[in-house]
Amino acid sequence: MGRIRVLVVDDHRIFAEALAAALAAEPDVEVGAAGSAAAAERALERAATEGRAYDVALIDADLGAEAAGPAARARPGPEAVEEARRRPAPAVPPPRRTGTVPAVPTVAARPADQPRAEQLRPAAPPPDGIALLGRLRRAHPGLRAVVLATADDPHRAARALHAGATGWVAKESSLARLLAVVRGVLRDETHLPPALLTGVIRELTTARRDRTESERLVDTLTPREKQILRCMVAGLGRQAVAERLYLSPHTVRTHMQNVLGKLGVHSTLAAVAVARRAGVSPAEPAVPPSIASAP
């Protein structure tokens, strides 16, 4: 084996530079570093164009989380939101008698023709290195990807494997351990900490079972209903779907109600969660007429 080209992708500069320097001390390793997802994509594209493609990317699992702030890190996806909606509301103690009438909080009214579920748009997943990993593996199929994590998390490790990772290494691991993983993934091995293995297998098994059931439900939809579902996954409201598919809003509402009924759910968020588990992709962005009609 010739020299191994490694790209370190981490937005903590001190850690990234220290790791790159330690790896570069190995006689058979060349190292580059990128401090953001965009920088990593540019570095890989440039290296491939120059005929010096990277062999392995070491990607921080929490890449971008600090820049996004606490709100983005905590933003739930549709599955988490739907789970929260199903929980019973906590009991509210009666107000104490103080001789005054307690103020009643006002609730902003929504349009009468807009159902509650449609107002709740599926939240975009928080930025992280695993999402970047999936993009990099699709753009550079020969690249091996190893996740660098601050904590062992079976759910995120399963996500990483599904996205195309072949290794998961704790940031507190020794350099020798990391080098063993880098060389191992180049031999087409998959490396996971032993403590994660059972949890990851359980996560993958559950995900496969959930996906199979979700696929079965989605298969019960008509072609038009599947179109509607893809628009829902894209976050389009009723009026936008009507304009996209040249239907009346009333017809779209009927189709949406049919979709919810066939999927056995009661909200747009829950329908999107089922669709995502089934691998349903969002509807493509509409092409402006001026572009569509151009020669």
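1. The largest nonpolar core has 28 residues, and those touching the most other members are Leu7, Val9, Ile59, Leu132, Val147 and Trp168. A nonpolar core here is a set of buried Ala, Val, Leu, Ile, Met, Phe, Trp, Tyr and Cys residues joined through side-chain atoms within 4.5 Å, and buried means under 20% relative accessible area, with exposed over 50% and partly exposed in between (1.4 Å probe, protein chains only). Two or more residues of this core come from each of S1, helix H2 (37-49), S3, helix H6 (129-139), strand S4 (144-149), helix H7 (154-163) and helix H9 (194-219). H2 gives the largest share, five residues. Helices (H or I, at least four residues) and strands (E, at least two) are DSSP runs, numbered from the N terminus.

2. A word on the basis of these remarks: this is a predicted model, in which local features need pLDDT of at least 70 and side-chain atom pairs count only at pLDDT 80 or more, while totals for chains, interfaces and linings use all residues. Residues are numbered from 1 along each chain as its sequence is written, and side-chain values use heavy atoms, with hydrogens and water left out.

3. Strand S1 (residues 4-9) is largely enclosed by the rest of the structure, because six of its six residues are buried. Ile4, Val6 and Val8 point one way from S1, whereas Arg5, Leu7 and Val9 point the other way, and all are buried. In a regular strand the side chains alternate between the two faces of the sheet.

4. S1 has two strand partners to consider, where strands pair if DSSP finds at least two bridges between them. With strand S2 (residues 29-34), S1 pairs in the parallel sense over six bridges, and Val6 stands opposite Val31 in S2. With strand S3 (residues 56-60), S1 again pairs in the parallel sense, over four bridges; here Leu7 stands opposite Ala57 and Val9 stands opposite Ile59.

5. S3 and S4 run parallel and are joined by five bridges, and the bridge partner of Leu58 in S4 is Val146.

6. Arg5, a buried residue of S1, lies over the face of Tyr54 at 4.4 Å from the ring centre, and Lys171 lies over the face of Phe15 at 4.6 Å from the ring centre.

7. Helix H13 (residues 268-277) is largely enclosed by the rest of the structure, because eight of its 10 residues are buried, namely Thr268, Leu269, Ala270, Ala271, Val272, Ala273, Val274 and Ala275. Ser267 caps the N-terminal end of H13, with a side-chain oxygen 3.1 Å from the backbone nitrogen of Ala270; a polar contact is a pair of N or O atoms within 3.5 Å, and within protein one must be able to donate a hydrogen and the other to accept it, while residues adjacent in sequence count only if both atoms are side-chain atoms. Just after H13, Gly279 takes a positive phi of about 80 degrees.

8. Glu225 lies in helix H10 (residues 223-233) and counts as buried at 5% relative accessibility. A polar atom of the Glu225 side chain lies 2.9 Å from the backbone nitrogen of Thr222. The C-alpha atom of Thr222 is in turn separated by 9.8 Å from that of Asn258, 36 residues apart along the chain. Asn258 has its place in helix H12 (residues 249-263) and is partly exposed, with a relative accessible area of 33%.

9. Leu245, found in helix H11 (residues 238-245), is buried, with a relative accessible area of 13%. Leu245 and Ile228 are 17 residues apart in sequence, and their C-alpha atoms are 8.7 Å apart in space.

Methods:
A charge sits over a ring if NZ of Lys or CZ of Arg is within 6 Å of the ring centre and within 35 degrees of the ring normal.
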